[in-house]
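Here is a short report for a reader who meets this structure for the first time. Please look at the sequence and the fold before reading on.

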Amino acid sequence: MQFIPIEVECYSGYKADEYPECFIRDNIRFEISHITDRWYQGDSTPEFPASDYFKVETTAGDLYIIKHDLKSDKWFLSQ
């Protein structure tokens, strides 16, 4: 799976960047209607740093997988 960098606007509740509310790719804003799944990758090796993953559905009905690399605090979109 390959990932490309994106900008993400998040909800911050009991922790910062708790979950994504929208993301921007190629200057296009994608509003997230709901999160259909989420999972966590532990920090087991340097090439696979601790990350949160979200499978999201946009208001247009498209599904995407978004990754939040916790160490670098950067967001990525699965291709």
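This is a predicted model: local features need pLDDT of at least 70, side-chain atom pairs count only at pLDDT 80 or more; totals for chains, interfaces and linings use all residues.

Residues are numbered from 1 along each chain as its sequence is written, and side-chain values use heavy atoms, with hydrogens and water left out.

**The barrel**

A closed barrel of 6 strands is formed in the order β1-β2-β3-β4-β5-β6, with antiparallel pairing. From one strand to the next, the twist averages 45°, where axes are lines fitted to C-alpha atoms and angles run from 0 to 180 degrees between N-to-C directions. Strands here are DSSP runs (E, at least two residues), numbered from the N terminus, and two of them pair if DSSP finds at least two bridges between them. In general, strands of a sheet pair through backbone hydrogen bonds, either parallel or antiparallel.

Strand β1 (residues 3-11) is joined to strand β2 (residues 19-25) by 5 bridges, and the two run antiparallel; within this pairing, Glu9 stands opposite Cys22 in β2. Between β3 and β4, which also run antiparallel, there are 8 bridges, and Trp39 stands opposite Tyr53 in β4. A further 7 bridges join β4 to β5, again antiparallel, with Ser51 opposite Asp69 in β5. β4 and β5 form a hairpin with 4 residues between them, and Gly61 in the turn has a positive phi of about 90°.

How much of β4 is buried? This strand is mostly covered, as 6 of its 8 residues are buried, a word used for under 20% relative accessible area, with exposed meaning over 50% and partly exposed in between (1.4 Å probe, protein chains only).

**Salt bridges**

Side chains of opposite charge can pair when their charged atoms come close. The structure holds 4 salt bridges, each defined as a side-chain nitrogen of Lys or Arg within 4 Å of a carboxyl oxygen of Asp or Glu. The table gives some of them.

| Pair | N to O distance |
|---|---|
| Glu9 and Arg29 | 2.9 Å |
| Lys15 and Asp52 | 3.9 Å |
| Asp26 and Arg25 | 3.8 Å |

The side chains of Glu9 and Arg29 meet in a salt bridge that links distant parts of the chain, with Glu9 in strand β1 and Arg29 in strand β3 (residues 28-41), 20 residues apart. Glu9 is partly exposed at 35% relative accessible area, and Arg29 is partly exposed at 44%.

Lys15 and Asp52 also meet in a salt bridge, and this pair connects the loop between β1 and β2, where Lys15 lies, with strand β4 (residues 51-58), which holds Asp52, 37 residues apart. Lys15 counts as partly exposed at 36% relative accessibility, whereas Asp52 is buried at 10%.

In the salt bridge of Asp26 with Arg25, Asp26 is exposed at 63% and Arg25 is partly exposed at 30%. Salt bridges that share partners join Glu9, Arg29 and Glu31 into one network.

**Two loop residues**

Asn27, in the loop between β2 and β3, has a positive phi of about 65° although it is not a glycine, and it counts as exposed at 79% relative accessibility. Asp73, found in the loop between β5 (63-69) and β6 (74-78), has a positive phi near 60° and is likewise a residue other than glycine; at 46% relative accessibility, Asp73 counts as partly exposed.
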